[in-house]
Amino acid sequence: DDDSVSFSFEILPIESVDIPDEFMLGETYPITVTYERPSSCHIFRDFYYAKENNERTVAVVNTVIEENNCEDLTDTMLTATFNFQVTSNGSYIFKFWQGKDDNDEDIYLEIEVPVTN
């Protein structure tokens, strides 16, 4: 008998973002994203976070507990926050994943944030 819990990981679209209009070099800023929780079996796990030069790609990763008693949740919006440390000059471009389009292409909310001294 295997009593272990089955689960998987799912990347969820980001609905909106609370991010400063500008950064100061050397400072750390909280960035908060809002996303929809599809079911009671979806639990926030972490952020997918990829860096390439001054571009950052961000998505929300949930653990999905695979049980039969999951409740569908509609309009259940949650927030999650990560801290961003400003380490270089210029501007940062954030690409927040918002799902896929009809052609199965990734859709991003792109926000450029300038760095001041």
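A disulfide is a pair of cysteine sulfur atoms within 2.5 Å. The model is predicted, so local features need pLDDT of at least 70 and side-chain atom pairs count only at pLDDT 80 or more, whereas totals for chains, interfaces and linings use all residues. Residues are numbered from 1 along each chain as its sequence is written, and side-chain values use heavy atoms, without hydrogens and water.

**Exercise 1.** Determine which cysteines form the disulfide and what parts they tie together.

*Solution.* 
Step 1. The structure holds one disulfide. Its partners are Cys41 and Cys70, with sulfur atoms 1.9 Å apart.
Step 2. Strands are DSSP runs of E with at least two residues, numbered from the N terminus. Cys41 lies in the loop between strands S4 (28-36) and S5 (42-52), and Cys70 in the loop between S6 (55-65) and S7 (77-85); the pair therefore ties together parts 29 residues apart in sequence.
Step 3. The angle about the S-S bond is -100°, and the link of Cys41 and Cys70 is left-handed.

**Exercise 2.** Decide whether Cys41 is buried or exposed.

*Solution.* 
Step 1. Buried means under 20% relative accessible area, exposed over 50%, and partly exposed in between (1.4 Å probe, protein chains only).
Step 2. Cys41 has 5% and is buried.

**Exercise 3.** Describe the largest nonpolar core.

*Solution.* 
Step 1. Such a core is a set of buried Ala, Val, Leu, Ile, Met, Phe, Trp, Tyr and Cys residues joined through side-chain atoms within 4.5 Å.
Step 2. The largest one has 21 residues, and Phe23 and Ile31 are among those with the most contacts inside it.
Step 3. S4 supplies the largest share, four residues.
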